[in-house]
Amino acid sequence: MCSASLGFFCWMIDTPMKPAVIYHVFWRDNGRDAYNDMQVPVVLAISTLRAVNPTIPIYVLECGQVRREWSHFPEKLHFSVVYADFELEKKHHAALHSASKSSVVCSRLSDVNEFAKQIPEDLIIYSDADVFWLRDPLPLDCAGEKRFCLNNNTGFFYYDKNSSEANWFLDVFQSYLITSLYNDDFCRRAHKINRWDTGGMERQRMWLEPCLQMVYKDIPDCCCSISKKEHGFWGCEDPKMFHPAGLNVEWDGCYHLRGFIPFLMLEFYHLVESVLSESDFKLIYRGYLRFLRSVKKVSFHDKLFNIALSKSKSGGKPEFMSAVIKHGGFLPRITFL
Amino acid sequence: MSAMIYHVFWPLSARSAYDDLTLPVVASIATLRAVNQAVSVYVLECGKGRNWGEFPEKLNFKVVPWEFELFKHDVARENHTNKFCSRVSDVVKFADSTPHDLILYADVDCFWRADPFPLEFSGDRFCVQNNFGFFYYKKQPKALAFIEAYQSNMIHCLYDEEYCAHTHEVNDWGKPQIVVEQTIPWDESCLAATRKDLPNHHCVLSSREHNLFLIPCEGVKMEHLTTMEFVWKGENLRGLAAVVFSEFYDLVSKVLSQQDLCLIYGEDFGLFKSYRVSYEELVSANVLSSSNIGVRKDPVRLEEIMGAIRSYRIKMI
């Protein structure tokens, strides 16, 4: 081998993959802005990521017909908002919108994969809009892995977009998903073996996690299973991030206010505070800010808080807000005025 | 703009593409070209290619070297039958790369009697029977949704044995004898499952447009001779249909010279010609009635056809 081609070969094996984080959001037409929707707290999630990694490219796929105002946050937190159509909707619009059967959420992997083909980065990391980071996601635990990397929940995954193994997984997963869109028997079978909580969802309804379980069952070696530390749920020790899927956050009759979490948990608050200003907080939390400031923050590692959380239940799931108030309570009025 | 697409993969033998009468794609295209000169014709040649002689220029078609799309899944390589199962994906993938908006597919043993155009349906939905020997579609939402659902079913069957068995259960056409296990996928079983799940995304072709059971019908455009076996010297030479039946012979001799036909049919060409009889007459005289033919488990054999022709002629005398 001549020195020039040897040099090229060394460059090939030494060149690290370029990572990018992709978010996927779609909105209900309820008059909110993109940054102050507590149920889809994507700006807060990105804030935690920016605090732990200032340089990684971040893209937000804003899918569907409803567009929202992002204010100055894309510039401030250095991310791009890209408008996209739901890939599944392009061919399966009618089936996807039959109210009892399916949801555009199921288009997530297809949308991310399709968009990934258009960007220069090759290590594609997907993160849900309610994933809050505690540490830099890089280096990834399964760096260099050619298979698709995820666990039982599709809220976080990553893959090398040029890997045939990863694309194989995506192809099979997509085929299972589309079958479940039209075939009720298969859908019920998928729900039957699914171990991931789908919130009491009807068993004829197409959903990501049951399909994922079916793929795992039929092709156990198709993907690389990532650890709980890398995709952390409540109760995991020393996770890189926290994904509050399966946790209720209720206040004043509103559900899934997961945007409260980075304000009320000390570890996240310190991070978002490092990248967002006081005026940013006012924009994001608006009418909730005064209330949130009145509540004593809790720590991720506080055992007593964890016990309080495990005892506070709503709809069979841990309820975050009542545990926070029960454990920490309210601050003296003078401290938050 | 429309395109007719054929899909072939060859058995291991030293034949040329045009003289392999087991896969008579050139004879089929000749019948098509005799009734329609305008449609673009492509042949997807999967695997090792063969010599096509001057027939692509003469009959105005293009041969496209192709890889089985389904073989992207390693597990698909385990069964020879998956080469058949790949055909719809191959056709659709190739069609996506062309500017044609109306795509037709025909098996190599489909012989045309009249111009396929105008078609009975617009193609906005996927147009097919329970057999994949002939189908067409436009690149329109309902047809594309049907195709993607079908392809998903096909891939799904490669990995999920229970689902694969389900597709065979809903297939009233029946899987062929080569698909011996319920766990082996078959494209027409997947088609049946897709038709069941997406009833509003497809149209069912009439026998006039795709005559699969040799049913005597007025104005039939095409005969798909999959239910006949032309066994000659131990092989099923379906290409013989184009010389044994006068309707097809009249058409192929319009676009091919006697020299071309000698190239295709070889030394027995003169013998085959001597057997020539009207297909229509045989069908009308109930010699080739559908009740004699049944489904693919009980095909009509050339010996029977020849015997029928002989006894028919004797009766006529």
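In chain B, residues 24 or more positions apart account for 67% of the contacts with a separation of 6 or more; two residues are in contact if their C-beta atoms, placed from the backbone, lie within 7 Å. The model is a predicted one, in which local features need pLDDT of at least 70 and side-chain atom pairs count only at pLDDT 80 or more, while totals for chains, interfaces and linings use all residues. Residues are numbered from 1 along each chain as its sequence is written, and chains are lettered from A, with ligands numbered from 1, in the order in which they are written.

Chain B contains 14 helices and 13 strands. These elements are DSSP runs numbered from the N terminus, with helices (H or I) of at least four residues and strands (E) of at least two. Of the 317 residues of chain B, 50% count as buried. A residue is buried if 20 or more other C-beta atoms lie within 10 Å of its own, exposed if 12 or fewer, and partly exposed in between, with C-beta atoms placed from the backbone.

The domain assignment divides chain B into domain 1 (2-204) and domain 2 (223-316); such bounds come from an automatic or database domain assignment. Between them, 24 residues of domain 1 of chain B are in contact with 25 residues of domain 2 of chain B. On the domain 1 side, helix 1 (25-35) and strand 5 of chain B each supply at least two residues. The largest share of that side, seven residues, belongs to helix 1 of chain B. By class, the domain 1 side comprises 13 nonpolar, six polar and five charged residues. Here Ala, Val, Leu, Ile, Met, Phe, Trp, Tyr, Cys and Pro count as nonpolar, Asp, Glu, Lys and Arg as charged, and the others, Gly among them, as polar.

The contact between the chains takes 14 residues from chain B and 13 residues from chain A. On the chain B side, the largest share, ten residues, comes from helix 5 (residues 141-159) of chain B. The chain B side consists of eight nonpolar, three polar and three charged residues.

Helix 5 of chain B also meets helix 6 (residues 161-170) of chain B: their axes come within 6 Å and cross at roughly 125 degrees. Axes are lines fitted to C-alpha atoms, for helices over the stretch in contact, and angles run from 0 to 180 degrees between N-to-C directions. The two helices of chain B, helix 5 and helix 6, are therefore oblique to each other, since angles under 35 degrees count as roughly parallel, over 145 as roughly antiparallel, 65 to 115 as roughly perpendicular and the rest as oblique. In this pairing, Asn153(B), His156(B) and Cys157(B) of helix 5 meet Tyr163(B), Cys164(B) and Thr167(B) of helix 6. The contact of helix 5 with helix 6 of chain B has three nonpolar, three polar and no charged residues.

Several backbone features lie in loops. The peptide bond from Phe117(B) to Pro118(B) is cis, with omega near 0 degrees, and Pro118(B) sits in the loop between strand 5 (110-112) and strand 6 (126-128) of chain B. In chain A, the peptide bond from Leu138(A) to Pro139(A) is cis, with omega near -5 degrees; Pro139(A) is found in the loop between strand 5 (132-133) and strand 6 (148-150) of chain A.
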